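Trainee: I have a new protein model open and would like to walk through it with you. Could we take it step by step?

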Amino acid sequence: MTKILVIQSELSNNNIFIKLLELEGFNIIVSENAVVGLCKAQSELPDLIISDIIMPELDGYSLLKALRESPITAIIPFIFLTSEVSQSQIRKAMEMGADDFITNSCTQEEFLKAITVRLERQAFLKQWYAARTVKKLE
């Protein structure tokens with residue numbers, strides 16, 4: 001079952017997205033802040049991470065930086081889901097290695113599509129690297 005880690009300080013705001021993911025059959029891991037989320041990412045190794053930007057103690061950008069610096073979490077697809085958005089925030093997120101950036105006002109279809117695209121791309125990359133590894137061993 002595909003595991004998705006959702007890191008949001010205001011979980012009630014995104015409860016509809018969590019319920020939607022559960023209805024779609026995803027195994028949801030919830031974290032109320034980025035510090036706990038980082039620990040859960042390292043211990044649970046989710047297939048995808050969805051995070052807010054503005055959180056107490058550690059913001060989303062710092063979380064993404066920490067995840068990208070760790071070999072065990074560096075390749076986990078990462079999507080920012082936030083209510084506040086500016087072009088500079090989107091640009092910063094993408095430059096830091098975020099895979100996508102969506103707002104709370106997106107439709108359910110847009111939300112699910114963003115997740116599906118990231119998971120499909122990750123699966124393709126895993127297959128590609130596995131095939132290359134097998135060829136090198138031959």
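Predicted model: local features only at pLDDT ≥ 70, side-chain atom pairs only at ≥ 80, totals over all residues.

Trainee: What radius of gyration does the protein have, and does it agree or disagree with a compact globule?
Mentor: The C-alpha atoms fill a box of roughly 50 × 30 × 30 Å along the principal axes. For 138 residues, a compact globule would come out near 14 Å. The value for the protein agrees with that, at 15 Å.

Trainee: What share of the contacts comes from residues 24 or more positions apart?
Mentor: Here we consider contacts with a sequence separation of 6 or more. Within that set, the share from residues 24 or more positions apart is 61%.

Trainee: How far apart are the mean positions of the positive and negative charges?
Mentor: The protein carries 14 positive and 18 negative charges.

Trainee: Is Thr 82 buried or exposed, and which side chain does its own side chain join in a polar contact?
Mentor: Thr 82 sits in strand β4, residues 78–82. Its relative accessible area is 2%, so Thr 82 is buried. Leaving aside neighbours within four places in sequence, Thr 82 touches Ile 53, Phe 101 and Ile 102, among others. The side-chain polar contact, at 2.9 Å, is with Asp 52.

Trainee: How far is Pro 46 from Pro 77 in space?
Mentor: Pro 46 lies in the loop between α2 (34–44) and β3 (48–51), and because its relative accessibility is 5%, Pro 46 counts as buried. Beyond four places in sequence, its contacts include Lys 3, Leu 5 and Ile 76. Pro 77 is 31 residues away in sequence, yet the C-alpha to C-alpha distance from Pro 46 is 9.1 Å.

Trainee: Which residues does Gln 89 contact, leaving aside neighbours within four places in sequence?
Mentor: Gln 89 belongs to helix α4, residues 87–96. With 16% relative accessibility against a cut-off of under 20%, Gln 89 counts as buried. With those neighbours left aside, the contacts of Gln 89 are Ile 53, Tyr 61, Glu 84 and Phe 101.

Trainee: How far apart in space are Ala 130 and Asn 33?
Mentor: Ala 130 is part of helix α5, residues 108–137. Its relative accessible area is 40%, so Ala 130 is partly exposed. Ala 130 and Asn 33 are 97 residues apart in sequence, and their C-alpha distance is 34 Å.

Trainee: What separates the C-alpha atoms of Gly 25 and Ala 41?
Mentor: Gly 25 is found in the loop between α1 (15–23) and β2 (27–31). At a relative accessible area of 37%, Gly 25 is partly exposed. Gly 25 and Ala 41 are 16 residues apart along the chain, and their C-alpha atoms are separated by 20 Å.

Definitions and conventions:
Residues numbered from 1 in each chain as written. Heavy atoms only, no water. Rg over C-alpha atoms; globule rule 2.2 N^0.38 Å. Contact = heavy atoms within 4.5 Å. Lys, Arg positive; Asp, Glu negative; His and termini not counted. Charge placed at Lys NZ, Arg CZ, Asp CG, Glu CD. Helix = DSSP H or I, 4+ residues; strand = E, 2+ residues; numbered from the N terminus. Buried < 20%, exposed > 50% of the residue type's maximum accessible area, 1.4 Å probe, protein only. Polar contact = N/O pair within 3.5 Å; in protein donor to acceptor, adjacent residues only side chain to side chain.
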